[in-house]
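Trainee: Could you walk me through a structure today? I would like to go slowly and ask as we go.
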Amino acid sequence: MNRLLDRAGMRNDAEASADSAASSTSLMSLRILEVLAERGEECGITSLAEAIGVPKARVHRHLGALRQRGYVTQNPSTSRYRIGWRLFLLGQRLVKQFDVVGLARPVMEELRDEVGQTIVITTFTDKEVVVLDLVRGRSPLEILLHPGTQFQFHSVAQGKVALAFGAPERLDALLEQALVACTPHTIVDPERLRYEIQLVRQRGWAEAPEEVFLGVNALAAPLFQEDGSLFGAVAVVGSIHYLPARADPATVEAVKNAASRISQMLGAHR
């Protein structure tokens, strides 16, 4: 009987120890996110380890897991880390009083009323474009998007904006890979894509007629932050019938105007 009690006690101790370890692991990841959020800038592993008081190897393991799930992103140029898109979406759900989506939504709704199509706001990681929010259009075509939807840079207008106005290394890294075609219209030729990105940079907006979905087009313009860096893009998305490959100048101006207004809300001056 005593042996059974001893074994039961050992099991309880082991379970408690496992629960404590799991809790400690979770708290460590949260602490890393807290430090990144408090500092509001990119941080290196050494800096994070010193702030939390744990070995660099341990911080590195946690950052790897957080990065894989989108809670942090890593700058390919500096190897430093910052808050990622998934945590942004979590914050959006928890605190809607003051965030980019909350600020942008009235402008998005006005743009939707002006053009009648679905309006999408996106940001980006080092590998993909991520949908943050959208306002449904009033056309018969339903665009199947939702917050968290991800796209490859070269296949959508918002991705072309990221390639044109984001870090130059992003385009170079992308062109080192084989570009995958989503439709027969997706740009997969490296030189053609480089020319397209140059064109986007020159005119200040991007399009992607039937490049990610057949029958669908998008017009996108960049969103800038106070320091001049790119936050993401705002885009009009709709049927190729309403958004033809030869873009309507009025729609282009409407998207660019909306992007400028949202950028000003983010503190940008250009």
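Predicted model: local features only at pLDDT ≥ 70, side-chain atom pairs only at ≥ 80, totals over all residues.

Trainee: OK, how many helices and strands does the protein chain have?

Mentor: The protein chain has nine helices and eight strands, where helices (H or I, at least four residues) and strands (E, at least two) are DSSP runs numbered from the N terminus.

Trainee: And what share of the residues is buried?

Mentor: Of the 270 residues in the protein chain, 44% are buried, meaning under 20% relative accessible area, while exposed means over 50% and partly exposed lies in between (1.4 Å probe, protein chains only).

Trainee: Switching topic, how many cavities of 30 Å³ or more does the search find?

Mentor: The search of the whole structure finds one cavity of that size, 30 Å³ or more, and the largest cavity holds about 140 Å³ of space. On a 1 Å grid over the protein atoms alone, a cavity is a set of points where a 1.4 Å probe fits but cannot get out, a pocket is an open set with protein on both sides within 12 Å along at least five of seven lines, and lining residues have an atom within 4 Å of a point. Grid points are joined across faces, edges and corners, and a volume is the space filled by probe spheres set on the points.

Trainee: Which residues lie nearest the centre of the largest cavity?

Mentor: Val156, Gln158, Val212, Ala218 and Val237 lie nearest its centre, out of 16 lining residues. Helix 6 and strand 7 (216–224) are the elements that give two or more residues to this lining, and strand 7 gives the most, with three.

Trainee: What classes are in that lining?

Mentor: The lining of the largest cavity has 13 nonpolar, three polar and no charged residues; Ala, Val, Leu, Ile, Met, Phe, Trp, Tyr, Cys and Pro count as nonpolar, Asp, Glu, Lys and Arg as charged, and the others, Gly among them, as polar.

Trainee: Is helix 6 mostly covered or mostly open?

Mentor: Helix 6 (residues 157–165) is mostly covered, with eight of its nine residues buried, including Gln158 and Lys160.

Trainee: Then why is strand 7 described as largely enclosed?

Mentor: Nine of the nine residues of strand 7 are buried, so the rest of the structure largely encloses that strand.

Trainee: Which strands pair with strand 7?

Mentor: Strand 6 (residues 206–207) pairs with strand 7 in the antiparallel sense over two bridges, and strand 8 (residues 230–239) also pairs with strand 7 in the antiparallel sense, over nine bridges; two strands pair if DSSP finds at least two bridges between them. Strands 7 and 8 form a hairpin with five residues between them, and Gly228 in the turn has a positive phi of about 90°.

Trainee: Back to pockets, what is the volume of the second largest pocket?

Mentor: The second largest pocket has a volume of about 280 Å³, and among its 15 lining residues Asp126, Lys127, Phe153, Leu174 and Gln177 are the closest to its centre. Helix 7 (residues 168–175) gives the most to that lining, with four residues.

Key
Residues numbered from 1 in each chain as written. Heavy atoms only, no water.
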